[in-house]
Amino acid sequence: MFNEAARYLEKGCAASLKKPVFIIRNQEQEMGGLQVRHFKLKRKLYAVLVPGIILLFASCTSTPTVQPEQEPVFYPPSPDPPRIQFLTSFSDSRDVTGKESVFRKFIVGEEEADSIVKPYGFDIWENTIFICDTQMQALDIIDLEEKTFSYFMPTGKGRLHKPVNIAIAENGTKYIADTGINAVLVFDAENNYLRTISKEGGWKPTDIAIGTDKLFISDLQNNSVTVWNTETEELLYSIPRDESEEARLFSPINIALGPKGNLFVSDMGAARVQRYDAEGEFIGSIGSYGDGLGQFARPKGIDLDESGRLYVVDAAFQLVQIFDEEGNLLMFFGEPRDDAFILDLPAKVKTNRTLIPYFQKYADPSFEIEYIILVASQYGAHKLSVFGFGKQKE
């Protein structure tokens, strides 16, 4: 079973563009209806590409994602019962519209696709996905209903410099954390600039989470999460409120609110996820640094589904781990199959139910989707990967 998964990784490692890859070993048990994989991750180090080559590839126009007919990719791999299926991905406008870019043809006279260049965070509002593209200094906008792809490049006070994360309120108000100017820019549902949120004394906002009456913003400079009143945008307090070592934050990169209102913080500096209640009181930690069961090397984006399961992106392991409400590892997904990497320096993960109708057609007829999982990768052929969480039909 898992030896087969290890062979997949070994093959993928040999065929990859010389990047760190992790060989996985495991034992198995059942927990909470999901297959639990007790795994050991073992690095194989390869030569690093010189910066010039990386820049060369980054500046080139990406080719369309080619998805020939093939056997469905399930996690965990056969013969275990599948719980997650890779459905499709987006890397440029052709993956959305199915045709060449009219904008690019008009401007530069070439029939080439508009690309998702270097995505990080993203959020979903109604039927549209808004992606922070750090290299484009823009939002990449995918309208699934209209099947359109566009860029949002505001000018003036609302200009984006290095947008890393976005959170969208129910009314469409957008909060964008921009580390290029160390501020949070606010736009309305029609993408009109409203205002800029700044903090006296300086800060480096990296992510935003929207609560009922509070706005949570992670601050990498001061190793904290600031909490603001949603209506007045008055700074209320900072998290952690406890000065103990266990409650401390070292490098809070990404944050998420759980269905019970608890705040989860991806602390890359301590290689763990910290959990606090809505008032900032420390509850506990999930994970630690290492290559074993439920451990992390470079945790980044996090999200929680309606059942309270926690999803954690690990950019070093290049996969996503899923934990239950108690912090127990349930399973992981995204490791390479058939010499191909799906996740390539992944940064953000989001779960969603409303988008199921747009991706149901990609699901295997024997697989029933319960909700969608989206993962953004900063490199590779799958800039925004779409997975379906579910189970085999009875």
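The following legends describe close-up views of a predicted model.

Residues are numbered from 1 along each chain as its sequence is written, and side-chain values use heavy atoms, with hydrogens and water left out. Because the model is predicted, local features need pLDDT of at least 70 and side-chain atom pairs count only at pLDDT 80 or more, whereas totals for chains, interfaces and linings use all residues.

View 1. Y75 and P76 are joined by a cis peptide bond, with omega at about -10°. P76 belongs to the loop between β3 (73–75) and β4 (84–90). Strands are DSSP runs (E, at least two residues), numbered from the N terminus. A cis peptide bond also links I239 to P240, where omega is about 10°. The loop between β16 (235–239) and β17 (252–257) holds P240. Most peptide bonds are trans.

View 2. Most residues other than glycine have a negative phi. K147 is not a glycine, yet its phi is positive, at about 55°. K147 is placed in the loop between β7 (138–143) and β8 (148–152). A271, likewise not a glycine, has a positive phi of about 55° and lies in the loop between β18 (263–267) and β19 (272–276). A271 counts as buried because its relative accessibility is 3%; buried means under 20% relative accessible area, exposed over 50%, and partly exposed in between (1.4 Å probe, protein chains only).

View 3. K383 sits in the loop between β26 (367–377) and β27 (384–392). The K383 side chain reaches the backbone oxygen of V117 at 2.9 Å. Leaving aside neighbours within four places in sequence, the residues in contact with K383 include F90, S91, I116, P119 and V375; contact means heavy atoms within 4.5 Å.

**View 4. E368 in strand β26.** E368 is partly exposed because its relative accessible area is 40%. Residues up to four places away in sequence are not counted, and E368 touches F389, G390, K391 and K393. E368 and E394 are 26 residues apart in sequence, and their C-alpha atoms are 9.5 Å apart in space.

Key:
Helices (H or I, at least four residues) and strands (E, at least two) are DSSP runs, numbered from the N terminus. A polar contact is a pair of N or O atoms within 3.5 Å; within protein, one must be able to donate a hydrogen and the other to accept it, and residues adjacent in sequence count only if both atoms are side-chain atoms.
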